[in-house]
Structures are given as C-alpha cells and as structure tokens.
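Welcome! Please take a look at the sequence and the structure below, and then read on for a short tour.

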Amino acid sequence: MNASTAGGPQAGEVRMYYPSEEFVRQATISGMSAYEALCREAESDYTGYWAKRAREMVTWKTPFTQVLDESNAPFFKWFADGTLNASYNCLDRNLERGLGDKTAIIFEADDGEVTRINYRDLHAKVCQIANGLRSLGVQKGDRVVIYISMSIDGVAAMLACARIGATHSVVFGGFSAQALRDRIEDTRAKVVITADHQIRGGKQLPLKAIVDEALSLGGCDSVERVLVVRRSGAPVNMVQGRDRWMADVVGGQAQTCEPEWVEAEHPLFLLYTSGSTGKPKGVQHSTGGYLVHAALTTAWTFDLKPNDIFWCTADIGWITGHTYIAYGPMALGATQIVFEGVPTFPDASRFWRMIERHKVTIFYTAPTAIRSLIKAAESNDTVHPRNFDLSSLRLLGSVGEPINPAAWEWYYRHVGGERCPIVDTFWQTETGGHVITPLPGATPLVPGSCTLPFPGIMAAVVDETGKDVPNGQGGILVIKRPWPSMIRTIWGDPERFKKSYYPEEFGGKYYLAGDGAIRDAKTGYFTITGRIDDVLNVSGHRMGTMEIESALVAKTDLVAEAAVVGRPDETTGEAICAFVVLKRPLPTGDEARAIAKELRDWVAKEIGPIAKPKDIRFGENLPKTRSGKIMRRLLRSIAKGEAITQDTSTLENPAILDQLGQAY
C-alpha cells in the first residue's frame, strides 16, 4: 500500500492509504469506480439490487418473487415467499461444489493442540447432532440455548439447529448463571447444549455447573433436556432424566439429515444484547436476509478467495462469531481458524504464532486486543510481532468499536508490514453484518475512520429532528432504508423494538443506530464518535468520547489505553472523566498529579481546551468482560461516585474497580 496526506475526519492533516495496484487487480470489488457503480445500482433500483445479491449469494429451495415488504413498517420482510435452509447453504452446497475434502475448520485448543475437519466430515457431524435433536422432540420453531466455548462442537450445534429449523440462542460462555437463566426464560428454550468445562488461559472453567445453577434459579421450566459435550473429561453432576452426554445422543445417528426448508423470515437465531437497565433484548434475525448479507459482506469486505485462511478471533457468543465464523465464511466454503484460548496465553505472542503456524491470510480482531498487544510488545520485545513470520497476511480487519488512529498505525505497520489494507468495520448485533466499511480493493483508508457505507446501505448523519446535517458537522447515525440482515424485532417485545430502533422523534422511519457520527467535509468518510449517550455536552460543546480517547492514546510514549465517560457537573453541565492505563507502573501522589496535568495539556493541544478531562484516573487495566469489551456503565458509576450495584459477574478483573477510585 502507498500513503499520501489528505484531509480526513480528524482535525488537521492525516495520511490516506491506498491499496496496492496488485491488490486492486485481484480484488473482487476493484477500484472506487466499481464501488461507486454498485452504489448507483442500489440507488436506482434498490429492491432489484438486493434481489440480485440474494440470488447470487444464496441457494433457494423455493425462489422468492417478493423482495421487500414494507406494508407493516418497521417490521420489514425480505424475500418472504422464498424458502431455504442455512445449514444446507453452509454445508451441502459446498459438497455439491466438490469441496468435501477442503478443510472447513482448523481448531486450535487452548493448549495448542490442532484439529482439522473438512466439509464432508463437518456435514456428517452436523447431521448427527440434528438427528439427535430431532430424536429428543426438537422441531421447527423450538428454541435451543447453546452455552459453550469456542469449538467445532459449538459451530456444529448452531448449524444443526438451523438444519432442523430450530432457533438457536448462543450465550457467551463468560456469562453468569443469572444472565444465562434470564435468556433461557425469555426464549422458553426446550434444550440447552453445553460442555462439562471450557478451557481458557490454562484454566478449566465450569460450564455445566453454571447451567445447573441457572436452571435452579427458577423460570426455566421449558427446558426438557441438557446435552453435555465432553471437553475436560472432569466429573460433573448429571441430573437423571434431564441430562445426557452429547456423544450418547448422537452416537449411532445417521450421517445424513434432510434439511427443514424454512421461509426466509423464519427466525434463524436470537442473540441477546444486555442494556444497563431492564432485561436483555433478544435480537431476532431472519434466515434469508441475514444469510444473504453474511455471505455478501464476507465476500466483499474481506475480498475472500478460495485459498484464503480466514481467522476471526471473536467468540460465537457474540454477533461477530455468528456472522463471520458460523455463517458467512461457511456459506462461501472458506477455510477458517477457530481458537479456544486467549491472546495472552501462554504469552502475548499467541496470535502472531498462530498466524505464522497456520499461514493465516485474513485476520479480523478487536481494537481492545490490538491495544493490549501493543502494550505487551512494548514492554517485552520477545512477543513483538516483528519476531514472527506474518508474510502470509494480505488483509487485516478491526471490529467491535472504533479503532483509534495510533492503534491503526501500529497494526498496519507491525502486523500488516505496511502492505495489508485494514478494513475498519462498523456494524452491530442488530445490523447482522457490516454496514459501514472499506472495501479493501477500492477504498482509500484513513486511520480512525470506517470510511463509506457498504453498497446498498443508506447510512446518514442527522440531527435530533431527523434532518440531515452537513458533512463536517456531528450528529446521529441512522440508516434510511431497511436492508436484508436487519433486526426483525425484539423477541416477544415488538413495542420495545419500535421504541429502541424506530423512535417517533424521527417519525418512525429511520433505523437509529444509537451512535453519533461525523462525515468528513472533503471525503464524506464516516467516523463514529461513540454511543449517543457517550456524546458529551460540556458547556454547550458536543464532543464524542472516542475523539478524546484517541487523543489520549496518541500520546504513544505514555498511554497504552484510555476510556472516557461523562459525569454531571454544576458548572459545565457535564465534565469529562478519563480512565487511563499507562505504559509504566501505576503512579500515585505527586507523580500521578504531574502525569494527569501532562495529559490534560496534551488533550488541550490535540483537540482544544474544552476537551481537557476534569478527572483523570489511573489503573493497571480497564474493567472488561472476558471477551475484552470495556464495561463503560461501570466507569460511569465510578466517575459519578456511585456504589457499583450492577452485575459484575462477567468482569475479567473485578479488583480493578477499587483501583480506579482515585481521581486526579
């Protein structure tokens, strides 16, 4: 890739990175003219554009004749009279294409042991699980909760549910018994699939015992069976009449299973997003529209080729693991990595060793992981990516939150060797797949910007009344037209769906992403400024927390990671509170005060005096879930001086909360 200086979404001059001529030549979407042509096609014939994509990407049992049904907005329907099966599209179709011997999954266990499974054997495994579920009375429309760690078994269980028309709901293996219970109760699940334990970071962590606790809390009387996969082999309690070993249920089952052909709008899965208040929201996704967008974005955003080794480091308990592990790559017949462990075990070179070992070509991870690995590499040279052969890489990706420019530059330089485009993807559990993202053979890149909408996604930035704001002015991110993979409803709560995503203040006509954004005045590129409730109003000035975080982390000699929240202030309305992880031991007293002043002055220089944090708090880490997500609601409570009353059971490091109490 080559770079030049251009106006970007940050103040001042930024570098714009262009894909190499070689990358452009081989790219599926080659050059900006190809991107612009797709956008024009979507604008001129929106339903025709999506119908064409649906026929290209998915095999239909009954071809659809209806494309978009807007008669009951905002409960939109796509391809409603078509029928298909997601498992068929991810497995059988690949066998019919002659890919039976192709490796589907390279599974690397926590201890480094590697297992490979090809499409033929994965198909047989999925069919046996599907037949086993049918033997227990699971039918089309029943719900199955899957509470399991990253594994071939987890992916196979998802595809087995899809095969028989059961709606799966995967619950991240780090969630507490209470959180699991809430999801089981809400789905009215008939079966729970789990494992005896999960193994992460060299530790054996209970799963079956947490399922037992969840079911003992009440409200889960819908559960008839618990199926347990043997992972650790350690003894677990088995409730007679309810619990069965998965091996006993699937043993002897036929290795073929006729797919249940379902309507395009049939719920493929429910995935719960937890808010800071109220019960978790069960995001409901369809089969047809979701699968179309999962396959399409995998093909275009990642420029996927038949010989790629694709690695998405997400967990199947999150939407990224659904779309870019279980469904998108499988629908395209890709070979992919599934990893059980964590990036820092046995040391912080684990990702780089795995890329070298498996010759990974496409690597898709989170900014939180990148920043933690930067910190590790700068304190211990032996785990720096420069020590490993990463020459197989041709494309990098970022997902989960906006990536700050300093981390982008490090990722680009030290992991991608200054040759790999970085696709900084913006999307949500509710969108089902990428909605704003570079296409690597077309889009010039600006660090910190997710660039332009995916072709066919009508994204815009509006004010509080729903009116478009000029480029260069911040506002609220919306999507103006429905798209195939969008959330269909909140399970069992259609009114909450309308209120959350199609609020009356916008006339109920735009999808509200819940994020603030700004489009660059010159390029039109989008930069996400943070959740709407993370847009601070300090003395009448609106500022995104992400902008302040990026400024702090840009002080690369001092700051490893930062998170910014607001707190009430009598003088300014809101005050900025920054939580900072330094690249040096935790400071106290006068040293902490001196560093805090240095950082405040730095932010004033980078953004302006109005952006100076009023409070700076230092910690050895930030409060994160085991998936690496910063729990900002806890930071807000700390900033306000409130007692922590929220559930902290998913925190990886609960002791950090006390450390962050001192403000400077």
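**Asp308 and its surroundings**

The side chain of Asp308 makes a polar contact with the side chain of Thr361, at 2.7 Å; such a contact is a pair of N or O atoms within 3.5 Å, where within protein one must be able to donate a hydrogen and the other to accept it, and residues adjacent in sequence count only if both atoms are side-chain atoms. This is a predicted model, in which local features need pLDDT of at least 70, side-chain atom pairs count only at pLDDT 80 or more, and totals for chains, interfaces and linings use all residues. Residues are numbered from 1 along each chain as its sequence is written, and side-chain values use heavy atoms, with hydrogens and water left out.

*More on Asp308*
- Asp308 sits in the loop between helix H11 (288-301) and strand E18 (309-312); helices (H or I, at least four residues) and strands (E, at least two) are DSSP runs numbered from the N terminus.
- Asp308 counts as buried because its relative accessibility is 2%, buried being under 20% relative accessible area (1.4 Å probe, protein chains only).
- The Asp308 side chain also reaches the backbone nitrogen of Lys305, at 2.7 Å.

*Nonpolar cores*
- The largest nonpolar core has 149 residues, and Leu122, Leu133 and Tyr327 have the most contacts inside it; a nonpolar core is a set of buried Ala, Val, Leu, Ile, Met, Phe, Trp, Tyr and Cys residues joined through side-chain atoms within 4.5 Å.
- Helix H7 (residues 152-163) gives the largest share of this core, 9 residues.
- Another core, of 35 residues, lies apart from it and includes Trp311 and Phe339.

Key:
Buried means under 20% relative accessible area, exposed over 50%, partly exposed in between (1.4 Å probe, protein chains only).
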